[in-house]
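This report walks through a two-chain model. Please keep the sequence and the coordinates open while reading.

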Amino acid sequence: MIEVMSMYRIRNPEPTKQRSVCTSSASEPASLPAEDISTNSNGPKQDSLFDDDPEDLFAEATEEVSLDSPERDVLLSDGPSPAITPITPPTSVITPRIGLPHDDMFTHSSFDEIEEEEGGDSFDMHISVSDPEKVGDGMNAYMAYKVTTKTSMSVFKNHDFSVKRRFSDFLGLHSKLASKYLHIGYIVPPAPEKSIVGMTKVKVGKEDQSSNEFVEKRRSALERYLMRTVKHPILLKDPDVLQFLESSELPRAVSTQALSSAGLLRMVNKAADAVNKMTIKMNESDAWFEEKQQHFENLDIQLRKLHASVESLVCHRKELSVNTAQFAKSAAMLGNSEDHTALSRALSQLAEVEEKIDQLHQDQANADFYLFSELLGDYVRLIIAVKGVFDHRMKTWQKWQDSQMLLQKKREAEAKLQFNNKPDKLQQAKDEIKEEIEELEGKVQQGERDFEQISKTIRKEVSRFEKERVKDFKAIIIKYLESLVQTQQQLIKYWEAFLPEAKAIS
Amino acid sequence: MHKLGEGEATMTKEEYTKMKQELEAEYLAVFKKTVQVHEVFLQRLSSHPMLSKDRNFQIFLEYDQDLTVRRKNAKEMFGGFFKNMVKSADEVLISGIKEVDDFFEQEKTFLLDYYSKIKDSTAKAEKMTRSHKNIADDYIHISATLNSLAADDSTANKKHLEKLSDLFEKLRKVEGRVASDQELKLTELLRYYMRDIQAAKDLLYRRARALVDYENSNKALDKARLKSKDIPQAEEHQQHCLQKFDKLSESGKKELTSFKGRRVVAFRKNLIEMAELEIKHAKNNVTLLQGCIDLLKSN
């Protein structure tokens, strides 16, 4: 606890409007006592949430049970965050508005209001991941990346700062965010995937093309991951995110290692989860959810197909580049063989043009990959997260129903007690059951509230996600098409330069 | 066709139609190619001083009814096959002959070297064309999937996706034409001259053969003179061989010189046309892409 307190003390010397949102009761932004209070008030809620956490964390049944899962088990995490950082921010933001019927417009406007309260900072932030550097030797070596943040938003102390982070730090961040937000319906962007093969090559020290490409691919993916995470208004304000971006030292996230006990526990839980999902039969009363789930299913299939086609395109374009280079060499040799001087020169020029063109194709293949293909890959993984959030809603519903059934049983048991003959034991039993019933009634109410809450959150999240997706795609596709235009314009230049050479053959 | 049949199960109806279209376009391109090749063949025959006067050639051009050319029967095919084998063995033996004429010596070295280089270039050009075709195929699949995405979409994004799908459909047509034009102008050019050089090599071979025959006939004459037997026949045979050799040398020189000229002209024409077509297609691509970008940005 002390650790956490000191962290917050350092963080917030001056009062800011953002902090005030974090607590429903204390309106004064003195963060320290505020956090304290909220933690306490959330005590029981936290416990109940943590009871089921190992299960709640894990998403899709269709997700492959592999060592590559970035999600981790709360109980085995290191660092102060999950067990101590209050989960207050999202719930308390919405709590005051509960009790109103599902009304998208209203929840939207309430969210907007809250955003305005926060000081109306428009999103102005740019994160870049750069300068990959190998640290250490042999199998313990790792890549350190420089994470630079440039922003004018007031939630940060500085405007331009950078820190050094390694891959497991990113996975650790995602783990923490996932454990805090996924089960209440927030779409947490997934972290880039692990690659044992890729990293081993780098560790072993192979300074070749493929390991350079691997590092570049990872660097780019980490950058996109961070930008997506901070674009989410709630996640941006999360202390773990802020700590990740700002503090120079970060406790190592060891439980993200593939071959750890945490990793194995994850796998087991995932399998259990998959079985569970198949047995939940939810009565969907809300057509919106049914429609959206179907929509995301379709989107998933189509995006995977598109991704596969674009990957094929990248492959073929790389082949074209290689074949063009080979042809260029061959044409050069032919030009040397040719004894007619003008034709010989023209053939050499042709060889030069083709060599330039092969580089052009190589560059285009990179644009195909980093712009188009990776975008699609990111969204395929994002949609897995979205589907996970829908599954959490189902689980929340199940919990609520279970509590209700249990309450029903206890009530029946209570009724039966009336006909019990042993008077001394009767009173004790009656009291016990009354207590249990009260507790269960509380649980049922909470279950219903949780269910409504997560449904509301999901509606908002999906709407934000879809807006973001359209914007994202449009921006990147325009960039990609512009890369294609550039390639074609270069081609024109090269061939127009060659034409007089060809005409000069006499 | 085979690839198309295999993929039928996995593709949507539109994709299948598009791939069939692509196949038909390819077939047309091959047809165009064949037509061009035949045209060049006939033009060369007609511009040749000797062959243009050949009776067979004239009949071919003028006879207005079906020619009913008899296919090679089994004997002729075997005969042809056998002859080739003998010829290759012979070529090896003859390649060791000392050449008297500088011109032919130079030509031989040049042609042998050039042949291997041009064969290599033809193969590499073919691979380039294949890659272009593969990219065009990928564009078809991308266009089709974008179309499906557009169909499922109910937001403002729908129009964007439809435009994009349309764009890729157009791009793949251009890419397909780039591939077939490259094939026609570059690959075919190289392939044709590869075969032409083979023909030139054959000419050299025939001349070398005649030289050997002449030298052999000289030796036979000397032997006959020693034995004082069959001298007139030997003399006649020797004269005959000499004539044949001289004739081949003379016509060979003419042919090889005009061959070089023809080669240079053909390369020039094709390289110019290829460059012009590449520019045309690239400009077309730019227009298509820019149009789509402007449309996307304006919405």
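Is A:Glu374 buried or exposed? A:Glu374 is buried, because its relative accessible area is 10% and the cut-off for burial is under 20%. The model is a predicted one.

A:Glu374 has a charged partner. The side chain of A:Arg224 makes a salt bridge with A:Glu374, with the closest N and O atoms 3.2 Å apart. A:Arg224 sits in helix H11 (residues 209-231) of chain A, and A:Glu374 in helix H16 (residues 341-417) of chain A, so this pair ties together parts 150 residues apart in sequence. A:Arg224 also counts as buried, because its relative accessibility is 16% and the limit is under 20%.

A:Asp378 and A:Arg224 meet in a salt bridge, N to O, at 2.5 Å. A:Asp378 belongs to helix H16 of chain A and A:Arg224 to helix H11 of chain A, so the pair joins parts that lie 154 residues apart in sequence. Both residues, A:Asp378 and A:Arg224, are buried. Side chains of opposite charge can pair when their charged atoms come close.

## A partly exposed pair between strands

Chain A also holds a salt bridge between strands. The side chains of A:Lys164 and A:Glu133 meet at 3.5 Å, N to O. The pair links distant parts of the chain: A:Lys164 is in strand E3 (residues 160-166) of chain A, A:Glu133 is in strand E1 (residues 125-135) of chain A, and 31 residues separate them.

How do these two residues stand in terms of accessibility? A:Lys164 has a relative accessibility of 40%, so it counts as partly exposed. A:Glu133 has 42%, so A:Glu133 counts as partly exposed as well. Partly exposed covers the range between the under 20% limit for buried and the over 50% limit for exposed.

## Chain A as a whole

Chain A contains 17 helices and three strands. It has 506 residues, and 53% of them are buried. Among its contacts with a separation of 6 or more, 76% join residues 24 or more positions apart.

The UniProt record, an unreviewed entry, places a "coiled-coil region" at residues 423-457 of chain A. In the model, residues 423-457 of chain A are 100% helix and 0% strand. The end C-alpha atoms of that span are 50 Å apart.

## Chain B as a whole

Which secondary structure does chain B have? Chain B has seven helices and zero strands. Along the sequence, the pattern reads α-α-α-α-α-α-α. Of its 299 residues, 42% count as buried. Residues 24 or more positions apart supply 79% of the chain B contacts with a separation of 6 or more. The accessible surface of chain B is about 18000 Å², and carbon and sulfur atoms hold 58% of it.

For chain B, UniProt (unreviewed entry) lists "domain: PX" at residues 28-63. This span of chain B is 78% helix and 0% strand in the model. Its end C-alpha atoms lie 28 Å apart.

## Where the chains meet

How many residues of chain B are in contact with chain A? In chain B, 58 residues touch 53 residues of chain A. Together the chains bury about 5200 Å² between them, and 69% of this is on carbon and sulfur atoms.

Helix H5 (102-152), helix H6 (157-227) and helix H7 (231-298) of chain B each give two or more residues to the side that touches chain A. H5(B) gives the largest share of that side, 24 residues. Five salt bridges are counted between chain B and chain A. In one salt bridge, the side chains of B:Arg263 and A:Glu338 meet at 2.7 Å, N to O. Over all chains, the whole structure has 39 salt bridges.

How values were computed:
Residues are numbered from 1 along each chain as its sequence is written. Chains are lettered from A and ligands numbered from 1 in the order in which they are written. This is a predicted model: local features need pLDDT of at least 70, side-chain atom pairs count only at pLDDT 80 or more; totals for chains, interfaces and linings use all residues. Side-chain values use heavy atoms; hydrogens and water are left out. Helices (H or I, at least four residues) and strands (E, at least two) are DSSP runs, numbered from the N terminus. Buried means under 20% relative accessible area, exposed over 50%, partly exposed in between (1.4 Å probe, protein chains only). Contact means heavy atoms within 4.5 Å. Accessible areas come from the Shrake-Rupley method with a 1.4 Å probe; for residues, only the protein chains shown count as cover. UniProt positions are given in the numbering used here, feature names are shortened, and annotations may be inferred rather than shown by experiment. Buried area is the accessible area (1.4 Å probe) that two parts lose on being put together, summed over both. A salt bridge is a side-chain nitrogen of Lys or Arg within 4 Å of a carboxyl oxygen of Asp or Glu.
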